[in-house]
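The sequence and the structure are shown first.

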Amino acid sequence: MSRSAHPAGPRHADVLPEGHYTAPPADLNLLDPKVWARTVARDGQGVATVGGLRVTDLAEEFGTPAYFLDETDFRTRCRAWAEAFGPDADVFYAGKAFLSRAVVRWLHEEGLNLDVCSGGELATALSAGMPAERIAFHGNNKSEEEILRAVEAGVGRIVLDSFQEIVRVAHIAHSLGKRQRVQIRVTVGVEAHTHEFIATAHEDQKFGIALAGGHAAEAVRRALKLDGLELVGIHSHIGSQIFDMAGFEVSARRVVQLLAEVRDEHGVELPEIDLGGGLGIAYTSADDPREPHEIAKALGEIVSRECEAAGLRTPRISVEPGRAIVGPTAFTLYRVGTIKPLDGLRTYVSVDGGMSDNIRTALYDAEYSVSLVSRVSDAEPMLTRVVGKHCESGDIVVRDAFLPADLAPGDLLAVPATGAYCRSMASNYNHALRPPVVAVRDGEARVIVRRETEEDLLRLDVG
């Protein structure tokens with residue numbers, strides 16, 4: 001296939017006011033280890049590999065688009081979080097980031113707990129053998145059927161999100177002759193520096209019970225009075241894709257103040273505090289996430305300091321990394337279909353996926369990196385917008401990126417850091433078939449979530 005240059009696109013993004021780049025990277029062939037999974041590299045012919053397997057061979061075997069997950073990287077990150085927090089704390093993997101039965105088994109083997117937020121996630125966890133006592137159940141509107149299943153299964157904790165849910169869980173647990181361990185999720189009035197739709201701790205949103213106005217304190221009073229509940233702690237989550245620990249410091253201080261109020265009013269010191277998740281990852285080389293040991297040290301010091309000041313015993317800390325574990329471990333592999341230069345603007349590169357396999361760019365204005373991975377190129381960089389094949393002008397995968405000017409139909413592009421929320425939020429828009437998830441480890445690849453087929457789509461259409 002010929003690789004003709006596409007000279008119309010500009011070479012510097014400063015001509016584009018909304019662009020995020022000021023200049024092309026020094027080496028378009030470099031795969032920044034900050035952004036890519038641990039075993040990703042280029043072989044002697046310049047083809048990207050993961051787990052020792054060439055992406056060209058993976059594309060031939062599994063097709064495109066497809067998500068490729070570095071199992072070694074996933075397990076390594078699980079161990080890093082477990083070791084950072086140690087035996088006196090709990091690490092719950094946030095299953096909403098990406099969940100499958102294989103992932104549940106990996107978590108179990110690596111000693112992590114699991115956080116679920118729907119009946120479907122709970123069913124996946126139980127079907128794959130995760131002990132129920134190591135599962136926490138979140139959600140702002142759990143159905144009675146979901147609560148019943150969770151209590152019957154013996155989940156380790158249910159996170160209460162409203163006054164109605166306090167009564168609902170207590171009633172179901174009492175009717176089953178059980179006493180369900182619960183935490184109360186509070187909103188602490190801290191707005192994380194993140195997108196509006198993923199900032200979750202300010203008062204004007206759907207999650208939790210506000211500290212302001214004494215609502216959280218009233219929730220504690222009600223929970224402590226009900227026989228079906230064992231209130232074990234307070235839960236707080238301030239947002240997602242967070243790099244600055246200052247928000248956690250304010251949140252921890254306010255949660256500890258509530259613990260002190262509970263002690264003073266009820267004579268009870270609640271033994272647990274869950275600070276949620278939301279720690280950021282590197283989607284581009286400009287991002288600078290913290291390592292698990294840094295996060296563990298910072299959170300431990302914050303909680304210990306605040307508890308000492310309040311005269312409280314330090315509670316057991318829980319955290320809920322999801323994106324921070326699975327996000328960097330996977331990339332999405334696409335094949336280039338059409339290339340459309342726009343004079344003086346940019347070149348549009350269309351791939352065989354799009355918003356059905358990664359809605360985050362359209363939904364959150366998320367930024368991603370992208371690289372040519374089926375070969376290396378010495379061509380000049382051109383400013384591109386990588387877009388999908390769906391019938392939407394907002395179907396954008398990577399808004400502004402530099403790719404080689406000799407890019408051609410048939411080339412393979414890969415977008416790193418797509419392990420979190422991409423497959424979980426994937427859709428059948430335009431009746432697209434959701435891509436497979438392929439786990440790669442030590443020279444072997446296996447499908448852990450298969451590609452959908454037209455038969456899958458038509459099976460649900462009862463017509």
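## Aromatic pairs

The structure holds 7 aromatic pairs, a pair being two rings of Phe, Tyr or Trp (its six-membered ring) with centres within 6.5 Å; planes under 30 degrees apart count as stacked, over 60 as edge-to-face and the rest as tilted. Tryptophan 81 and phenylalanine 85 form a stacked pair, with 5.9 Å centre to centre and 5 degrees between the planes. The model is predicted: local features need pLDDT of at least 70 and side-chain atom pairs pLDDT 80 or more, whereas totals for chains, interfaces and linings use all residues. Residues are numbered from 1 along each chain as its sequence is written, and side-chain values use heavy atoms, with hydrogens and water left out.

Tryptophan 81 and phenylalanine 85 lie 4 residues apart in helix H2 (residues 71-85), which means that about one helical turn separates them. Helices are DSSP runs (H or I, at least four residues), numbered from the N terminus. Tryptophan 81 is buried, at a relative accessible area of 3%, and phenylalanine 85 is buried at 12%. Buried means under 20% relative accessible area and exposed over 50%, with partly exposed in between (1.4 Å probe, protein chains only).

Elsewhere, ring pairs link Trp36, Phe62, Phe68 and Phe331 into a cluster.

## Helix H1

In helix H1 (residues 55-62), the buried residues are Val55, Leu58, Ala59 and Phe62. Viewed down the axis of H1, these residues fall within an arc of 100 degrees, so they line one face of the helix; the arc is that of the directions from the helix axis to the C-beta atoms. Exposed Glu60 and Glu61 are carried on the face of H1 turned away from its buried side. Glycine 63, with a positive phi near 80 degrees, follows H1.

How values were computed:
Helix = DSSP H or I, 4+ residues; strand = E, 2+ residues; numbered from the N terminus.
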